[in-house]
Amino acid sequence: MSRPGTATPALALVLLAVTVAGVGAQGAALEDPDYYGQEIWSQEPYYARPEPESETFSPPLPAGPGEEWEPRPQEPRPPKRATKPKKAPKREKSAPEPPPPGKNSNKKVVRTKSSEKAANDDHNVRVAHEDVRESCPPLGLETLKITDFQLHASTAKRYGLGAHRGRLNIQAGINENDFYDGAWCAGRNDLQQWIEVDARRLTRFTGVITQGRNSLWLSDWVTSYKVMVSNDSHTWVTVKNGSGDMIFEGNSEKEIPVLNELPIPMVARYIRINPQSWFDNGSICMRMEILGCPLPDPNNYYHRRNEMTTTDDLDFKHHNYKEMRQLMKVVNEMCPNITRIYNIGKSHQGLKLYAVEISDHPGEHEVGEPEFHYIAGAHGNEVLGRELLLLLVQFLCQEYLARNARIVHLVEETRIHILPSLNPDGYEKAYEGGSELGGWSLGRWTHDGIDINNNFPDLNTLLWEAEDRQNVPRKVPNHYIAIPEWFLSENATVAAETRAVIAWMEKIPFVLGGNLQGGELVVAYPYDLVRSPWKTQEHTPTPDDHVFRWLAYAYASTHRLMTDARRRVCHTEEFQKEEGTVNGASWHTVAGSLNDFSYLHTNCFELSIYVGCDKYPHESQLPEEWENNRESLIVFMEQVHRGIKGLVRDSHGKGIPNAVISVEGVNHDIRTANDGDYWRLLNPGEYVVTAKAEGFTASTKNCMVGYDMGATRCDFTLSKTNMARIREIMEKFGKQPVSLPARRLKLRGRKRRQRG
């Protein structure tokens, strides 16, 4: 067995000829003679499965004389479906790539006879042993890191089924014959069809994940396929099983992802999937993700410029329930003076719904200080929001300790509540499947099959019916609408998590909140339910529509991608016409949403923030997603200090709870908290504001809201009405006040009897 370092002069001449001719289109890789000798750093593993030996296919190079090959046929690996991921090992350096023949190396190169035949037949693909098999993250078809221009196919049925739609978990539009269908579908059903990915740099490909077509009406999926790689998109090398082409088992239905790991990692720029069989009654259609590790290329400015890095020292990983609790405990120990851990209730399975409070006086409501909350994980499989909130908790603690003036001011002037996992039961199901194998909906619902996001009482219909009968505000107020009795009964189909959130929001006077969701990149504001019952999409604004638009834009405009007109749509919707925001009802109607309930039952203005196209991104994507959302998360919290605030007190200086604050021209009121303090979100402008309470004379003021951050102080002092004073005096002496209307009726009755 020979070593690469003993290559003959003849081999060196062959290599020189290859370099001059540009065989393999290796570009910058061949310009650097030590390229393949550079050290490769392993990334966080997708599936950590160390194996005794592993091989790597390198870009095409001619075989040198005198190199020996020993037979060792490759056994096909069974496809992997949703399985529980194993614990990831610590990040280590992987074995370096073998240098080209003729360069010094201590690494032995072993070839088998079958591999030698394959190398001769398939343009001399090199094989190199490694001690440990390297697992790689997704290239980014689902996260859109791979652009449409990097996806190509042999044919397509039509544009809406082109290669750019062949992304894992992509969803079809309402009309499946439009531009946004649910897969790549070949124009013909034969063995010459393919779809390929251009990684734009040399990449170590380790696996392929496939799905069928997302469709309500059709059943299309690929049941087996071949995998090929190339460095120039002209000369292709097929993955081998011994001396023959390896056939990978595909899907058996259209939604569950199936993972196939390559028996030997293959280093190339392009990878191609060639379907070999498909569902009998269907067509060649597939969605996919490619697992691969891009090789280092320090000479390529394009790649360096587009690499996302973060300077924040945070725990960038996925946390299961136990790890989440441990992380909260660590943060609390780091910042005991500004944090408090508590729970708002339990899930159906008995897991506590933990929240972290961040304030300079944790555990108490400070008069005049607004309350804010973030919620994530209502859908258990939308994991990105959960991890962003855990990162936010760490960040606020670290920056407060570092005396970051902006964060210190936010913490000292706001009481912040962060609930990272509202549906921990659903998350545990998604966690078992892993970041790529859970599909689109595994873990979305609670353990008892309820969608929390749509599980709140429908107060919209109560309000609108009362308005149509002109019973507002006489019988039904325009705010603080009571929950129907049937919803409060034990037999109602209401999740334990939903009841816990309702009790939480009734207890704490939240002013502003955001619930983080996934699968899209947009901020949705209420109403979420259309007013016209026969429509599924209709713009349905609240009386505070301008305020909600501003709040939504505050988040979207500071996000790195939401308002980028050049970015590709996640699935089917184009939100750029409204700068990355959308009225919920104009997108899709939802009855009983958290946003609508919060607005109509409490003082809180709630918005849904969809933080990424990929609901459950790979761990390696978390730093980039944090950078995308960090500024937005902070800016949105700061909006709680916009508008007016103040105290409503009586003539003795005592706060009046439950006083109504009305703004002229806005048909939605709010109420004061237990201490008489209030906060009313408003855009800049001059407003006529009235404070009123039962037993008190109403008071009206002009309040100016400026453009600078910070709510305008607008206090009210209310005097008791004459009737209230009379009642107070009579009650003091143990007598009841006289009801004048009743007294008049009694006198009239006497007169009638006397006349008779």
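Buried, in this talk, means under 20% relative accessible area. The model is predicted.

Take Cys 570. Its relative accessible area is 4%, so Cys 570 is buried. Its disulfide partner is Cys 613, with the sulfur atoms 1.9 Å apart. The torsion about that S-S bond is -60°, a left-handed link.

The structure holds 5. Counting bonded cysteines along the chain, the pattern is 1-4, 2-3, 5-6, 7-8, 9-10.

One of them joins Cys 185 to Cys 285, S to S 1.9 Å. This link is right-handed, at 115° about the S-S bond. It connects distant parts of the chain: strand β4 holds Cys 185, strand β12 holds Cys 285, and 100 residues separate them. Both cysteines are buried.

Another is Cys 703 with Cys 714, again with sulfurs 1.9 Å apart. Cys 703 is in strand β26, while Cys 714 is in the loop between β27 and β28, 11 residues apart. Cys 703 has 2% relative accessibility, so it counts as buried. Cys 714 is at 6%, and is buried as well.

On to the sheet. There are 8 strands in an open sheet. The order is β13-β14-β16-β15-β17-β20-β18-β19, with mixed pairing. Which strands stand at the edges? They are β13, residues 339–346, and β19, residues 581–583. Each has a single partner strand, so one side of each is left without a neighbour in the sheet. The twist averages 25° from one strand to the next.

Look inside the sheet at β14 and β16. These strands run antiparallel, joined by 3 bridges. Val 356 has Ile 418 of β16 as its bridge partner.

Helices lie across these strands. Helix α6, residues 383–401, lies across β14, β15, β16, β17 and β20. Its angle to β15 is about 140°. Helix α12, residues 545–558, lies across β15, β17, β18, β19 and β20. Its angle to β20 is about 30°.

Next, the aromatics. The count comes to 22 aromatic pairs. In one of them, Trp 464 and Tyr 527, the ring centres are 5.4 Å apart and the planes stand at 85°, so the pair is edge-to-face. Trp 464 lies in helix α9 and Tyr 527 in the loop between β18 and α12, so the pair ties together parts 63 residues apart in sequence. Both residues are buried. They also belong to an aromatic cluster with Phe 548, Tyr 599 and Phe 605.

A second pair is Tyr 678 with Phe 716. Here the centres are 6.5 Å apart and the planes are at 45°, so the pair is tilted. Strand β24 carries Tyr 678 and strand β28 carries Phe 716, so parts 38 residues apart in sequence are tied together. Tyr 678 is buried at 0%, and Phe 716 is buried at 1%.

Last, charges over rings. The charged end of Arg 403 sits over the ring of Tyr 400, 5.0 Å from its centre. The charged end of Lys 615 sits over the ring of Trp 440, at 3.9 Å from the ring centre.

Note on methods
Residues numbered from 1 in each chain as written. Predicted model: local features only at pLDDT ≥ 70, side-chain atom pairs only at ≥ 80, totals over all residues. Heavy atoms only, no water. Pairing = 2+ DSSP bridges. Helix = DSSP H or I, 4+ residues; strand = E, 2+ residues; numbered from the N terminus. Axes fitted to C-alpha atoms, helices over the stretch in contact; angles between N-to-C directions. Contact = heavy atoms within 4.5 Å. Disulfide = S-S within 2.5 Å. Buried < 20%, exposed > 50% of the residue type's maximum accessible area, 1.4 Å probe, protein only. Phe/Tyr/Trp six-rings, centres within 6.5 Å; stacked < 30°, edge-to-face > 60°. Lys NZ or Arg CZ within 6 Å of the ring centre and 35° of its normal.
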